Amino acid sequence: CLTTFRQILAHSYGPEEVTWAAIAQSIQNVNNNHVFIVTAKATAKDKETQDLYAICDVGYGLMITILQDAAQSLANKNYIALENDLSKCPRFVSDCQNALGSKTTPEMLDRSRKQFDLLIMSNVAEGLIKK
């Protein structure tokens with residue numbers, strides 16, 4: 001966590017700045033993951049795998065929107081909406097993992113772990129903001 005925060009923030013960091021950094025990193029990561037999922041869905045050789053990746057496609061697409069909403073809530077200091085948005089995101093990652101099951105790939109597992117880590121960082125940082 002600290003390495004990521006130090007890479008993004010050039011000065012001392014308070015809870016709001018740390019939360020912003022975690023959300024920004026999470027948005028970047030989810031966008032990359034979404035592109036990966038869309039590509040995997042398009043290149044899957046069988047309909048079942050395409051359908052499983054379609055579940056991930058929808059979930060990660062929604063997560064992009066929710067994280068963007070969370071960033072806006074943070075900018076507006078609407079901490080209730082921020083907390084609500086951030087609490088929804090881990091479900092999309094686990095839904096994708098559960099859908100893929102045995103058809104998941106090592107790369108997708110790694111991407112999911114990193115996404116979970118970034119979401120946890122966002123949630124922890126948000127919890128430090130004095131409301």
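A salt bridge, as I use the term this morning, is a side-chain nitrogen of Lys or Arg within 4 Å of a carboxyl oxygen of Asp or Glu. What we have on the screen is a predicted model, in which local features need pLDDT of at least 70 and side-chain atom pairs count only at pLDDT 80 or more, while totals for chains, interfaces and linings use all residues. Residues are numbered from 1 along each chain as its sequence is written, and side-chain values use heavy atoms, with hydrogens and water left out.

By that definition the structure holds seven salt bridges, and one of them joins the side chains of Asp57 and Lys41, at 2.7 Å from N to O. Asp57 belongs to helix α3 and Lys41 to helix α2, so this pair ties together parts that are 16 residues apart in sequence. Helices here are DSSP runs of H or I with at least four residues, numbered from the N terminus.

Let me stay with α3, which covers residues 47–75. After α3 comes Lys77, with a positive phi near 55°, and Lys77 sits in the loop between α3 and α4, the latter being residues 79–100. Most residues other than glycine have a negative phi.

Now to the packing, for which axes are lines fitted to C-alpha atoms over the stretch in contact, and angles run from 0 to 180 degrees between N-to-C directions. Angles under 35 degrees count as roughly parallel, over 145 as roughly antiparallel, 65 to 115 as roughly perpendicular and the rest as oblique.

Helix α3 packs with α5, residues 106–127, at about 20°, with the axes 14 Å apart, and the two are therefore roughly parallel. Tyr60, Met63 and Leu67 of α3 make this contact with Met108, Ser112, Gln115 and Leu119 of α5, where contact means heavy atoms within 4.5 Å. These residues divide into five nonpolar, two polar and no charged, counting Ala, Val, Leu, Ile, Met, Phe, Trp, Tyr, Cys and Pro as nonpolar, Asp, Glu, Lys and Arg as charged, and the others, Gly among them, as polar.

Helix α2, residues 15–43, packs with α4 at about 30°, with the axes 13 Å apart, and these two are therefore also roughly parallel. On the α2 side the contact is made by Glu16, Thr19, Ile23 and Ile37, and on the α4 side by Tyr79, Leu82, Leu86 and Cys96; by class, that gives six nonpolar, one polar and one charged.

By class, the contact of α4 with α5 has twelve nonpolar, seven polar and two charged residues.
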